[in-house]
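Have a look along with me.

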Amino acid sequence: MIQSQYDTTARQDLAVAAVEAKLRKDLSWREIADAAGLSVAFVTAAVLGQHALPADSARAVAALLGLDDDAAPLLTTVPSRGSIPGGVPTDPTIYRFYEMLQVYGTTLKALVHEEFGDGIISAINFRLDVKKVADPEGGERAVITLDGKYLPTKPF
């Protein structure tokens, strides 16, 4: 049975317990995703409370992390999404994404609408990838791919 969350407290508490177990067991998000059989971005988001895992993946994640019996069913519930409470984010990494959207948000909107027309890019039918690549000028660069299905606005 699919169940959605009414109160986010249980899922937030589970995220805290899961991250603590990840640290205690010295696991990477990749190792947890491999156990789940899904992408690292999706599983990380699910463990942090932003997606529901399929039952078999939820059981595998809960077992790997050594979480209690209530964890796997809770990992399968449809979450209340949104992980940044009101206001400007203060965490430096999250703030930089906020800053990128402040600077390039209207540019992205203009380019998407010019290319596709009036509509949105889905965050539900979506893929995310993060890669570290060498910077030809020295150091490293982060390549972040946001791959969402385009959904046109339909008159009614």
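**Entry 1: the loop after the opening helix**

I started with Asp26, which sits in the loop between H1 and H2. Helices here are DSSP runs of H or I with at least four residues, strands are runs of E with at least two, and both are numbered from the N terminus. Is Asp26 buried or exposed? I found Asp26 exposed, at a relative accessible area of 66%. For these words, buried means under 20% relative accessible area, exposed over 50%, and partly exposed in between, with a 1.4 Å probe and protein chains only. I also noted that Asp26 has a positive phi of about 55°, although Asp26 is not a glycine.

Before going on, I wrote down the ground rules. The model is predicted, so local features need pLDDT of at least 70 and side-chain atom pairs count only at pLDDT 80 or more, while totals for chains, interfaces and linings use all residues. Residues are numbered from 1 along each chain as its sequence is written, and side-chain values use heavy atoms, with hydrogens and water left out.

**Entry 2: the whole chain**

I then stepped back to the overall layout. The chain has six helices and two strands, and from the N terminus the order reads α-α-α-α-α-α-β-β. The C-alpha trace spans about 55 × 50 × 30 Å along its principal axes. Of the 156 residues, 24% count as buried. I also looked up contacts (heavy atoms within 4.5 Å). Among those between residues at least 6 apart in sequence, 52% join residues at least 24 apart.

Next I went to Arg11, in helix H1 (residues 9-24). How buried is Arg11? Its relative accessible area is 2%, so Arg11 counts as buried. Leaving out residues up to four places away in sequence, I listed what Arg11 touches: Gln5, Ala46, Gly49, His51, Ala52, Leu74, Leu75, Thr77 and Pro79. The C-alpha atoms of Arg11 and Pro79 are 7.7 Å apart, although 68 residues separate them along the chain.

A polar atom of the Arg11 side chain lies 3.1 Å from the backbone oxygen of Ala46. The backbone oxygen of Thr77 is likewise 3.1 Å from a polar atom of that Arg11 side chain.

His51 was on the Arg11 list, and I followed it up. His51 lies in the loop between H3 and helix H4 (55-65), and with 15% relative accessibility His51 is buried. Apart from neighbours within four places in sequence, His51 contacts Arg11, Phe42, Ala45, Ala46, Leu75, Pro79 and Arg81.

How many residues of H3 are buried? I found six of its eight, so H3 is mostly covered: Ala41, Val43, Thr44, Ala45, Ala46 and Val47. The cover includes H1, H2, H4, H5 and strand E1 (119-134). After H3 comes Gly49, with a positive phi near 100°.

I then checked H2 (residues 29-36) against H3 (residues 40-47): they pack at about 95°, with axes 8 Å apart. That makes H2 roughly perpendicular to H3, a label for angles of 65 to 115 degrees. H2 brings Trp29, Arg30, Ile32, Ala33 and Ala36 to the contact, and H3 brings Val40, Val43, Thr44 and Val47. By class, that contact has seven nonpolar, one polar and one charged residues.

Pro73 is in helix H5 (residues 71-75) and, at 48% relative accessibility, is partly exposed. Asp70, in the loop between H4 and H5, is exposed, with a relative accessible area of 59%.

Asp91 caps its N-terminal end, with a side-chain oxygen 3.0 Å from the backbone nitrogen of Thr93. Where does helix H6 (residues 92-116) bend? I located the bend, about 60°, at Tyr104; a bend is the angle between axes fitted to the seven residues ending at a residue and the seven starting there. Just after H6, Gly117 takes a positive phi of about 100°.

How values were computed
Axes are lines fitted to C-alpha atoms, for helices over the stretch in contact, and angles run from 0 to 180 degrees between N-to-C directions. Angles under 35 degrees count as roughly parallel, over 145 as roughly antiparallel, 65 to 115 as roughly perpendicular and the rest as oblique. Ala, Val, Leu, Ile, Met, Phe, Trp, Tyr, Cys and Pro count as nonpolar, Asp, Glu, Lys and Arg as charged, and the others, Gly among them, as polar. A polar contact is a pair of N or O atoms within 3.5 Å; within protein, one must be able to donate a hydrogen and the other to accept it, and residues adjacent in sequence count only if both atoms are side-chain atoms.
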